[in-house]
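Q: I have a structure open and would like to learn how to read it, one feature at a time. Could you walk me through it?

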Amino acid sequence: MSIYDNGSELHARRRFLTQLVIGGGGLLLLPSWAVASQRLQAVRSSANKENSRFVFDLEAPLDYKMFTLEHPHRVVLDLPRTQLVPGVSARVPDGSVVQRVRFGVQNGYDLRVVLDVSGPVEPRVLLLPPAEGTASYRLVVDIPHRSVPVMTQAPAQAPAKAVSDSSTSAPQQSSAFRDLVIAIDAGHGGRDPGAIGPAGTREKDVVLAISRRLRDLIAAERGLTPLMIRDSDIFIPLRERTNIARRNGADLFISVHADAFHNRSARGASVYCLSTRGASSEAARWLAERENAADLVGGVSIAHQDEVVASVLLDLAQTKTLENSLDLGDRVLRRLGYVAHLHKSEVQQAGFIVLRSPDIPSILVESAFISNPAEERRLRTAAYQQQVAEAILKGIHSYYAARAPSGTRYAMA
């Protein structure tokens, strides 16, 4: 609940600001009583034959939302808990399909950016980490000059697309960059139904539905490629799941589950990473089998190293992987907190076998308690399944905005 949900005066302020935003009319700065966690520091713009590009410089990563509207055509960008630095404006470049850029307040403390465009467009957006020698995160919005056919259905949020932050050239071809492979592991399957809810809902079914939605979201992203560990009702042994991810060069491993407990009042979503004990036992297994191992850890084979060198390599790889896993898990958990009650407010650690790859950051998402009647009903809905998938994707975006691998679109300067 917002801190502004109490008090008639604050209600009136919020209504007044919302009316100003909807009605348009130039620049509107966030008031001093608004709660903002960061500032929009600058807006840069350019245009070429293909696109108009707007680069929004921010102090920190955030969960932005972009969608399009018709009658008239607009691209809307919502930046939660963001304040506009006084004096900042957006120049519209010559030859652009963008006619003007307006700023306003949404929900009392969120910044809304409205780009009025001359026709229907499909904007592409990506949050990039600070370039070398700078401190600002960059939210890059590309608007193609070619109009798209007008849809008869209600407008939907355009899929986010990865773009470069070059202000003088069109986005480069995807072949110039390495796609990041996201392994999606729908828990259980086949003869293993997983937990079963009071109304008979099977965990293996709902987590497959969530995983497929996550797959479709990732597939719509330039720079990301989904890898489904299972895409049907089949049984796959736990260790084989991580093996599939490693054989296909996965950069992240996300296992999707639904929790259960004998007390039906237990509720909420959780995120798990591997425990230190689980990492230690896995390292011992790898060391014991290193002569037969063809796997690589951090790009270096341990198969023919002596025990001391192999142990050091494993320790270094696992330490970094656990650090990255905890960071990814925290970012996904925070996004889940916007759409679900959290069972635990911090990332938990346990010895799940599917999380034991020593060089792939891995998390396990418990989407809700299927043993809770209310949450079981929610798990069965397409709306909640989509919300969970979108929360995971936002966590992935946030993670790569802060930890962009070289050679990928996230690392573009």
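Q: How many residues of strand β4 (residues 74–79) are buried?
A: This is a predicted model, and in it six of the six residues of β4 are buried, so the strand is mostly covered, with buried meaning under 20% relative accessible area.

Q: Which residues point which way from β4?
A: Start with the general idea: in a regular strand the side chains alternate between the two faces of the sheet. Here R74, V76 and D78 point one way, while V75, L77 and L79 point the other way. Residues of both sets are buried.

Q: In which sense does β4 pair with strand β3 (residues 65–69), parallel or antiparallel?
A: To read a pairing, look at the sense of the two strands and then at the bridges. β3 and β4 pair in the antiparallel sense over five bridges, and the bridge partner of L69 is R74 in β4. The two strands form a hairpin with four residues between them, where H71 takes a positive phi near 60 degrees.

Q: How many bridges link β4 and strand β7 (residues 110–117)?
A: There are six, again in the antiparallel sense. You can find L77 opposite V113 of β7.

Q: In what order do the six strands of the open sheet run?
A: The order is β11-β10-β12-β17-β13-β16, with mixed pairing. The edge strands, β11 (224–228) and β16 (348–350), each pair on one side only. On average, neighbouring strands in this sheet are turned by 30 degrees against each other, direction ignored.

Q: Which strands does helix α7 (residues 382–402) touch?
A: Helix α7 packs on this sheet and touches β10, β11, β12 and β17 (362–369). Its direction makes about 150 degrees with that of β12. Within the sheet, β10 (residues 180–186) and β12 (residues 252–259) pair in the parallel sense over five bridges, and D185 has S255 in β12 as its bridge partner.

Q: Why does G395 count as buried?
A: G395 lies in helix α7, and it counts as buried because its relative accessibility is 0%. Leaving aside neighbours within four places in sequence, G395 is in contact with L328, R331, V332 and R335. G395 and R335 are 60 residues apart in sequence, yet 6.3 Å apart in space, C-alpha to C-alpha.

Q: Is S96 buried or exposed?
A: S96 counts as buried, because its relative accessibility is 17%. You will find S96 in the loop between β5 (82–84) and β6 (98–106). Its side chain makes a polar contact with the side chain of S52 (2.6 Å). Beyond neighbours within four places in sequence, S96 is in contact with S52 and H145.

Key
Residues are numbered from 1 along each chain as its sequence is written. This is a predicted model: local features need pLDDT of at least 70, side-chain atom pairs count only at pLDDT 80 or more; totals for chains, interfaces and linings use all residues. Side-chain values use heavy atoms; hydrogens and water are left out. Two strands pair if DSSP finds at least two bridges between them. Axes are lines fitted to C-alpha atoms, for helices over the stretch in contact, and angles run from 0 to 180 degrees between N-to-C directions. Contact means heavy atoms within 4.5 Å. Buried means under 20% relative accessible area, exposed over 50%, partly exposed in between (1.4 Å probe, protein chains only). A polar contact is a pair of N or O atoms within 3.5 Å; within protein, one must be able to donate a hydrogen and the other to accept it, and residues adjacent in sequence count only if both atoms are side-chain atoms.
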